[in-house]
Amino acid sequence: MSDLVVASNLTRYLKAWRAARGQELGLNGPLPQAKVQQASGKSDKWYRMFEAGMPVKYDTATLLAIAECLGLGDSERMTLFLLTMGVPAPLNVTLNDDDVRLRPMSWILEQQGRRPAYISDENWGIVAFNRAMADWCPWVHDPDANLMRYVLLYPEARSVYEGWENHVRVFLAMIRLEIAKRGFDTPIAHLLLEALEDSVVKALWDEEPSVVANRDGHHYRLRLPFFRNEPIDCMSQVFIPSAHPNLRLVLMTWPDDMDGFNTPPVA
């Protein structure tokens with residue numbers, strides 16, 4: 001498909017979406033270009049050129065802002081991204097790093113549906129997460145959200161994780177291995193020092209040392225406000241993308257055919 005045809009289709013779609021949005025809002029005509037331009041954070045000239053299909057610079061955040069202003073559904077958002085960036089929109093996924101190389105991984109998160117999934121970096125910082133993960137664990141929205149920080153330092157984690165101390169032992173074992181690999185001058189080592197100020201965490205750290213590479217296949221029980229604090233049995237599957245060996249793709253699931261594990265109730 002030629003660039004001219006793509007530009008023509010983009011213009012046609014944007015005009016149709018503005019018209020539909022205007023009708024939805026009860027206006028006497030299409031949503032004005034100025035409203036979309038303001039939402040985009042760009043200049044009036046930029047938006048006129050964009051809607052006309054002329055070459056302009058934009059990023060994911062700009063397209064998402066336009067989609068939100070136009071009230072686009074999932075299919076329309078996907079069309080907007082396909083016509084502009086050549087890739088589907090990251091639907092129902094929050095990607096904290098706007099690295100285009102991570103978008104295929106974000107699609108995996110999206111495809112998990114009601115099963116939580118996330119991507120963390122080598123310091124357990126949350127790189128991306130799907131809507132289900134945000135529903136289950138709202139802390140992922142926190143600035144610089146980090147799984148280790150949550151488990152070791154957030155008071156609520158002690159009631160969310162049944163057998164919290166056993167979880168901490170596993171997490172500390174993973175930190176030990178990471179320090180053995182990368183040394184003490186790393187964000188996760190600095191986070192550990194902060195966590196060791198807690199007497200309980202310090203006592204667990206001082207126990208006989210153990211090391212663990214990951215929690216792949218780990219079975220555990222959670223009590224989450226999203227499920228009215230009822231016990232939820234689940235397990236984690238951890239994958240290391242070959243193109244991004246410093247990242248972890250974690251899928252949370254529940255094996256319905258395994259004794260002692262139940263499908264979480266609908267909240």
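Visitor: Hi! Before we start, what does buried mean here?
Guide: Buried means under 20% relative accessible area. Keep in mind that this is a predicted model.

Visitor: Got it. How much of the chain counts as buried?
Guide: Of the 267 residues, 43% count as buried.

Visitor: And how many helices and strands are there?
Guide: The chain has 12 helices and six strands.

Visitor: Let's take strand β3. Why is it largely enclosed by the rest of the structure?
Guide: Strand β3 covers residues 126-130, and five of its five residues are buried, so the rest of the structure largely encloses it.

Visitor: In which sense does β2 pair with β3?
Guide: Strand β2, residues 117-120, pairs with β3 in the antiparallel sense, over three bridges.

Visitor: Which residue of β3 does Y118 stand opposite?
Guide: That would be F129.

Visitor: What about the hairpin, which residue there takes a positive phi?
Guide: W124 does, with a phi near 65 degrees. The hairpin of β2 and β3 has five residues between the strands.

Visitor: Switching to helices. How do α10 and α11 cross?
Guide: Helix α10 spans residues 164-182 and helix α11 residues 187-195; their axes come within 9 Å and cross at roughly 135 degrees. The two helices are therefore oblique to each other, and their crossing is left-handed.

Visitor: Which residues make that contact?
Guide: From α10 there are L172, I175, E178, I179 and R182, and from α11 there are I188, A189 and L192. Sorted by class, the contact has six nonpolar, no polar and two charged residues.

Visitor: Now P241. Where does it lie?
Guide: P241 sits in the loop between β5 (231-239) and β6 (248-253).

Visitor: Is P241 buried or exposed?
Guide: P241 is buried, with a relative accessible area of 17%.

Visitor: Which residues is P241 in contact with, leaving aside neighbours within four places in sequence?
Guide: M105 and L247. M105 is 136 residues from P241 along the chain, yet their C-alpha atoms are separated by 8.7 Å.

Visitor: One last stop, helix α4. Which residues are buried there?
Guide: In α4, residues 60-70, the buried ones are T60, T62, L63, I66, A67, C69 and L70.

Visitor: And what comes just after α4?
Guide: G71, which takes a positive phi of about 65 degrees.

Note on methods: Residues are numbered from 1 along each chain as its sequence is written. This is a predicted model: local features need pLDDT of at least 70, side-chain atom pairs count only at pLDDT 80 or more; totals for chains, interfaces and linings use all residues. Side-chain values use heavy atoms; hydrogens and water are left out. Buried means under 20% relative accessible area, exposed over 50%, partly exposed in between (1.4 Å probe, protein chains only). Helices (H or I, at least four residues) and strands (E, at least two) are DSSP runs, numbered from the N terminus. Two strands pair if DSSP finds at least two bridges between them. Axes are lines fitted to C-alpha atoms, for helices over the stretch in contact, and angles run from 0 to 180 degrees between N-to-C directions. Angles under 35 degrees count as roughly parallel, over 145 as roughly antiparallel, 65 to 115 as roughly perpendicular and the rest as oblique. A crossing is left-handed if the near helix is turned anticlockwise from the far one by less than a right angle, and right-handed if clockwise. Contact means heavy atoms within 4.5 Å. Ala, Val, Leu, Ile, Met, Phe, Trp, Tyr, Cys and Pro count as nonpolar, Asp, Glu, Lys and Arg as charged, and the others, Gly among them, as polar.
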